[in-house]
Amino acid sequence: MPRDALPGIPPPAMDDAWRFAHGGDMTMLAGDIYTDGSGLSPIAWPEANRAGWGIAMMTGEALRGIAYGPLPGHQQSVPRAELYAVIQVLRHGMLPMHIRTDCLGTVEGLTCGPEWCTHPRRPNCDLWRILWQAIQDHGGLSSQLEISYVRSHQIQGEATVDKKGNVYADVAAKRGLAMHAL
């Protein structure tokens, strides 16, 4: 399946979804990339759930750019937004890529394999199918394509590159959430 043919999920409008922190023209993602999802779940009105996704591309401690957008579709949840962010990196990325996510469910799902993730009874199996196809489009998980877990909301005094990347991705996801029209 070609990367631009994602069944069930319309791709984001690039003019609306992609914003760059330092200007310039960056059409492909590569290197160290952090992803995140953010959501709003009104208790009294579950149909109004909304989610956004965010990506931060880093070089060392320097931010190279961010991308974000609202989660498309009727099903709106943070786990879906987390998966969608990784899908966007894979759709618009080139090797080598080290994708870091603060969603432990995404990393654990990858270790369980495609049969487990894409089973029809699994939550978000539609996105998992797209994710696994995008991974195969890059030749599978390897030293050139890594997806790993990074702890979210790290301790205040802890100064790490992962903390900065995760914070930038979190801010981007919140901006994506804010793009939803309610």
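Tutor: A term to begin with. A crossing is right-handed if the near helix is turned clockwise from the far one by less than a right angle, and left-handed if anticlockwise. The model discussed here is predicted.

Student: Is the crossing of α3 and α5 left-handed or right-handed?

Tutor: Helix α3 spans residues 104-112. Its axis and that of α5 are 12 Å apart, at an angle of about 65°. The crossing of these two helices is right-handed.

Student: Which residues of α5 does α3 meet?

Tutor: From α3 come Gly105, Thr106, Gly109 and Leu110. By class, this contact has 5 nonpolar, 3 polar and no charged residues. The α5 partners are Trp128, Leu131, Trp132 and Ile135.

Student: Why are α2 and α5 described as roughly parallel?

Tutor: Helix α2 covers residues 78-92, and helix α5 covers residues 125-137. Their axes lie 9 Å apart. Angles under 35 degrees count as roughly parallel. α2 and α5 are therefore roughly parallel, as they pack at about 25°.

Student: In which hand does α2 pass α5?

Tutor: Take the pair α2 and α5 again, with an angle of about 25°. The crossing in which α2 passes α5 is left-handed.

Student: How many charged residues does the contact of α2 with α5 have?

Tutor: On the α2 side are Arg80, Leu83, Tyr84, Val86, Ile87 and Leu90. They meet Asp126, Leu127, Trp128, Ile130, Leu131, Ala134 and Ile135 in α5. The contact has 11 nonpolar residues and no polar ones. The charged residues number 2.

Student: Now the whole chain. In what order do its elements run from the N terminus?

Tutor: The chain has 6 helices and 6 strands. From the N terminus on, the order is α-β-β-β-β-α-β-α-α-α-β-α.

Student: Is Ile66 buried or exposed?

Tutor: Ile66 belongs to strand β4, residues 62-70. Its relative accessible area is 8%. Buried means under 20%. So Ile66 is buried.

Conventions: Residues numbered from 1 in each chain as written. Predicted model: local features only at pLDDT ≥ 70, side-chain atom pairs only at ≥ 80, totals over all residues. Heavy atoms only, no water. Axes fitted to C-alpha atoms, helices over the stretch in contact; angles between N-to-C directions. Helix = DSSP H or I, 4+ residues; strand = E, 2+ residues; numbered from the N terminus. Parallel < 35°, antiparallel > 145°, perpendicular 65-115°, else oblique. Contact = heavy atoms within 4.5 Å. Nonpolar A, V, L, I, M, F, W, Y, C, P; charged D, E, K, R; others polar. Buried < 20%, exposed > 50% of the residue type's maximum accessible area, 1.4 Å probe, protein only.
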